[in-house]
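User: Hi! I've got a model open and would like to talk through a few spots in it. Can you help me out?

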Amino acid sequence: AVLLCQIAALVLSQSRGPFLGLLGGAYVFILVGLLRLRSSGDESPWLTRWGSLIRWAVPGTVGAALLGLVLLVVVNMPGSPLERIRDVPYVGRLGSVLDAQSRTIQVRLYIWRSVSGLLQSSEPLESPDGTPDGLHGLRPVLGTGPETLGTAVNRFIEPKLGQLEALTKTPDRSHNEIFDLVVMQGALGTLLWLGVFCTVCGLALRRLGLIRSRAQTVGYWSVLTVGAVAGAVAPWLASGEMTLSGVGLSVGLISSLALFITVQSLIDSFSAKPEREGPLSVWDGLVLALLATFVAHMVEIQVGIAVTATRLHFWFYAATVVLAARGWLAEEGQVSGSAGRSESGGKTPKGKRRRAKTTAASVKAASLGDARRNAVVHSLIDGSLCWPYIYAMTLSSQSARTLGAIAANTWHGSD
């Protein structure tokens, strides 16, 4: 019901970025889900009966996705024979995704060009009193700080942007997550964020059986690295500007991830004896859904804006994937249940039953002790990660600039 409501909201809003993200996430969910279902080793009658159909559904899904991609490109071509689709209510806006003359695309291009000017400039930024930035040499590595894109890019904004937007407005987001990260968090923060995204997706694919060996792990990271670097460098080599390098890096990374999943899925689907990954569990379904969510989110924020709510969801979902993929979300009562099964068999000697109870209690106590010892460290780490969001949520309404003032406004407010 929640998914249907979200789809209805996306269709009614006619927002192209989230809709493209939904299509990308649906492709990953269906493709990996079919493959995981086939490799589950389930001997149920319906799976035995429809197993061959599931096997051919994987290449069928790939073919349908390629056909949809071709149709999307054809619809966006000038003078396309399918241009009537652009007049179809709710979905017609997909026909202008690649239209460089549309207002929304032009706004993004002007903003990206301004960011490109900032990144390629060798002159330091200046404070309101004209003092040059003393940390200019470190800005490419560390960035300019949270919520500073509008200030940093202000002098590079082209006048034509004011003709499309209000003259008094300065963009505080570039409508591309990569450019936002590069400007505000620098190359270091960007690489760390991309590393988190790729690591989480890799853990999810390992849990779902698409990455099983060291060679596949090396192949996964190699394909994603080459795709991201090629996507970022190609526009710069072609035009001498970095205007499309941000979205190019994103397209290269997402395309490489989709390529890896597609090729691995096709190889496994045509395998006569697929690797058995064990029966499906609730954690497999959770990891699969979150993997599709990550792909959809990654697609959407490359032409849109990641707001505070979506960022918090990203980190929460990332933590959930890590816990589930590493097997740290054990079923409640799993340890005690194993001891109970020994008792219920009736054949276990009394001494062994007593030792089983003692072992289960010891394991439970040790786990609880570890959790308590790590609670303080985890709380400090989580709290430090939340400070940028606290800063972002309080700065717009308060004049806080120091750590203590931000904390005071966050927890106690101000008069």
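Predicted model: local features only at pLDDT ≥ 70, side-chain atom pairs only at ≥ 80, totals over all residues.

User: What about Cys5, buried or exposed?
Analyst: Cys5 counts as exposed, with 54% relative accessibility.

User: Switching to the inside. Which residues touch the most other members in the largest nonpolar core?
Analyst: Those are Phe197, Leu205, Tyr220 and Leu257, in a core of 47 residues. Helices H2, H3, H8, H9, H10, H11 and H12 each supply at least two residues of this core. H8, which spans 177–207, gives the most, with 10 residues.

User: What does Leu205 touch, leaving out residues up to four places away in sequence?
Analyst: Its contacts are Leu210, Ile211, Tyr220, Leu257, Phe260, Ile261 and Leu291. There is also a second, separate core of 16 residues, which includes Ile111, Leu125, Val153 and Val183.

User: Now the surface. Which residues make the nonpolar patch there?
Analyst: Leu135, Leu138, Val141, Leu142, Leu188 and Leu192 make a patch of about 550 Å². Helices H5 (139–142) and H8 are the elements that give two or more residues to this patch.

User: Last topic, the backbone. What is the phi of Glu147?
Analyst: Glu147 has a positive phi of about 55 degrees, although this residue is not a glycine. For background, most residues other than glycine have a negative phi. Glu147 is in the loop between H5 and helix H6 (149–153), and with a relative accessible area of 33% it is partly exposed.

User: And what about the phi of His175?
Analyst: His175 also isn't a glycine, and its phi is positive, near 60 degrees. His175 lies in the loop between helix H7 (159–164) and H8.

User: Why does His175 count as buried?
Analyst: Because its relative accessibility is 19%, and the cut-off for buried is under 20%.

Conventions:
Residues numbered from 1 in each chain as written. Heavy atoms only, no water. Patch = residues over 30% accessible without salt bridge, like charges linked within 9 Å, V, L, I, M, F, W, Y side chains within 5 Å. Areas by Shrake-Rupley, 256 points an atom, 1.4 Å probe, with all protein chains shown as cover. Salt bridge = Lys/Arg side-chain N within 4 Å of Asp/Glu carboxyl O. Helix = DSSP H or I, 4+ residues; strand = E, 2+ residues; numbered from the N terminus. Buried < 20%, exposed > 50% of the residue type's maximum accessible area, 1.4 Å probe, protein only. Core = buried A, V, L, I, M, F, W, Y, C linked by side-chain atoms within 4.5 Å. Contact = heavy atoms within 4.5 Å.
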